[in-house]
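Open the model in your viewer and keep the selection panel at hand. The stops below say what to select next and what is there.

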Protein chains: 2
Amino acid sequence: MSDSARRPIPPATVARLPAYRRALMDAADAGVRTVASGALADAVGVHPDQVRKDLSHLATRGTRGVGYDVRALITETSAILGLDEERVVVLVGAGNLGRALAAYEGFAPQGFRLAAVLDVDAAVVGTRIGALTIAHLDTLPTVVRRERADVGVVAVPGPAAHDVVDAMVAAGLRAILNFAPVHVRVPDGVVVRRVDLSTELQMLSFHRTNGARG
Amino acid sequence: MSDSARRPIPPATVARLPAYRRALMDAADAGVRTVASGALADAVGVHPDQVRKDLSHLATRGTRGVGYDVRALITETSAILGLDEERVVVLVGAGNLGRALAAYEGFAPQGFRLAAVLDVDAAVVGTRIGALTIAHLDTLPTVVRRERADVGVVAVPGPAAHDVVDAMVAAGLRAILNFAPVHVRVPDGVVVRRVDLSTELQMLSFHRTNGARG
DNA sequence: TTCTGTGAACAGATTCACAGCA
DNA sequence: TGCTGTGAATCTGTTCACAGAA
C-alpha cells in the first residue's frame, strides 16, 4: 500500500519530518488547504530551500505558484514515520521521570499508546500510575509479545540502564529511547536514541561562556 | 585564566564533550589515571579517530604510546563547558514534566543548581516542590537578577511556550532549554535547544518500519 | 508572476592513512 | 611497538541559482 518505498530518505530529513508534520497538522486545524515552502519554513525554523529539498524526497509534489497540499503531506509523512497505524510503547522505570513520561499527554495525539509501565522495585510494582498497574520487569517478554510493542523507553538510573536495554532487545524490541546518561551497545538492527538533560544543559552552558561576545 | 581561548571548537565536537567528560569522571572514580583514545571511544560509542580529532581541539595533549591524562582532560572539558563555576538554572512550568525535572538528581553533580521554579497557575504558586517554593512567572526578572541565572528551562504546554521564552529573553537569559513541541524565534545571541519526546518517538518509529529489512 | 524542483557550489563532519614520538 | 596528531579523501548536508510549470 505505502508508496513510500522510494529511495532512502536522508537522516537529516527524517529528523525534520516530525516538525513538518506538526506544523501541517496545525495548518489543517486552522482550515488551511495548501501551504508554500516559505510558510512551512517559518513554522519550523529552517530555510525554504531546505523544506523543498526535504519534501523532494517524498512522493507528494507541490504545484508551482501555489504550494503543497496539506492533507496529502500529512498522510504521506505519517505513513513514512509509521504513524498510520498505532505504535505501542513500553516504559521501564517508574521513578520521577518515568511517572512524568507516563503522564505525558503527547503520546496519544501522535499515534503512540503507552501499553505498560515496568519496574524492579517491589515497593512500586502493583501500584497504579494513571490507568496502568506497574508490573515487574521480569514480565517484559510477555508484555512485548501480548501488546505487540514497538518501542521501549528507558527511564531508570544510569547503572541499571544497560541491563534494561539488553532485556528489551532480548524481548524483541528494535527501537529504544534511552533517558539514562550512558552509552549502550546493541546488535545491528536495533536503534537507540538517547535523550539526556545533563548533556543539553552542558551544551547550553558552553554557548553561555563562548558564543556571546562580552 | 582559561587557556581554552583557542580556535573555535566545532559544534559536533562540543556535542560530544559532555559524554567524554562523563566517561572521564567514571574512569577517575575507578582510579584510572590515563586513558587511550580507544578506551574513551568504547565508552562513548564513537571511533578512536573521532576521539583524537575532537581532543586535538583542546590544549591538553596526549602522550604517544600511553594516552591522555584523565584529570587534565576533566579539568579542561569542564572549563570549556563552563562548569568550573556553578551554573544557575530557572525552571518555568510545574506540571508533570516540570516536577520531574525539579526532582532530577543529575543537576548538582554536573555543576547545575536549580534556583527557582515558576508557574502562572495560582493553584500551584506558593506550594513547595522539594526545597523550593513555586513562585509566579511575573517574578522571573527579579529571580534572574537575584540568582544570576544562566539557563532557563521551559516545561510548559506548547501554546504557552513562546510567551515564556520571550519573558526569559527579556529577563536577560541567553541560554534556554525548551521541552515544548514548538519552534521559538529568538534574537541573535540567544541560544535555544529543544528536547521533544514526541519527535524522538517518531524518529524511532521511522526506523522501526524502515531500517529493518523485513 | 509565484513558487516548485533540482543540479551545482559550498561547508562541515567523518574516516582514512600514515608520519612520528614515548 | 603502541598510540597520538594531522593532512587528505570522502561523505553528508546546506545553500545557491535558476529553469520551468501553474
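## Stop 1: an arginine in a loop

Select B:R148, which is exposed because its relative accessibility is 66%; exposed means over 50% relative accessible area, buried under 20%, and partly exposed in between, with a 1.4 Å probe and protein chains only. B:R148 lies in the loop between helix 6 (140–147) and strand 8 of chain B. Its phi is positive, about 50°, although B:R148 is not a glycine. Helices (H or I, at least four residues) and strands (E, at least two) are DSSP runs, numbered from the N terminus.

This is a predicted model, in which local features need pLDDT of at least 70 and side-chain atom pairs count only at pLDDT 80 or more, while totals for chains, interfaces and linings use all residues. Residues are numbered from 1 along each chain as its sequence is written, chains are lettered from A and ligands numbered from 1 in the order in which they are written, and side-chain values use heavy atoms, with hydrogens and water left out.

Now select A:R148, in the loop between helix 6 (140–147) and strand 8 (151–154) of chain A. A:R148 has a positive phi near 55° and is a residue other than glycine. With a relative accessible area of 67%, A:R148 is exposed.

## Stop 2: the sheet of chain B

Show chain B as a cartoon. An open sheet of 6 strands runs in the order 7-4-3-8-9-10, with parallel pairing; two strands pair if DSSP finds at least two bridges between them. Strand 7 (135–136) and strand 10 (191–194) of chain B are the edge strands, each pairing on one side only.

Select strand 3 (residues 87–92) and strand 4 (residues 112–119) of chain B, which pair in the parallel sense over 6 bridges. Within strand 4 of chain B, B:R113 is opposite B:V88.

## Stop 3: aromatic pairs

How many aromatic pairs does a search of the whole structure find over all chains? The search finds 2. Rings of Phe, Tyr and Trp (its six-membered ring) pair if their centres lie within 6.5 Å; planes under 30 degrees apart count as stacked, over 60 as edge-to-face and the rest as tilted.

Select A:Y104 and A:F107: the ring centres are 5.6 Å apart and the planes at 80°, so the pair is edge-to-face. A:Y104 is partly exposed at 25% relative accessibility, whereas A:F107 is buried at 7% relative accessible area.

In chain B, select B:Y104 and B:F107, an edge-to-face pair with 5.5 Å centre to centre and 80° between the planes. B:Y104 is partly exposed at 24% relative accessibility, and B:F107 is buried at 6%.

## Stop 4: chain A as a whole

Finally, zoom out to chain A, which has 8 helices and 10 strands. Its C-alpha trace spans about 60 × 55 × 35 Å along the principal axes. Of the 214 residues in chain A, 47% are buried.
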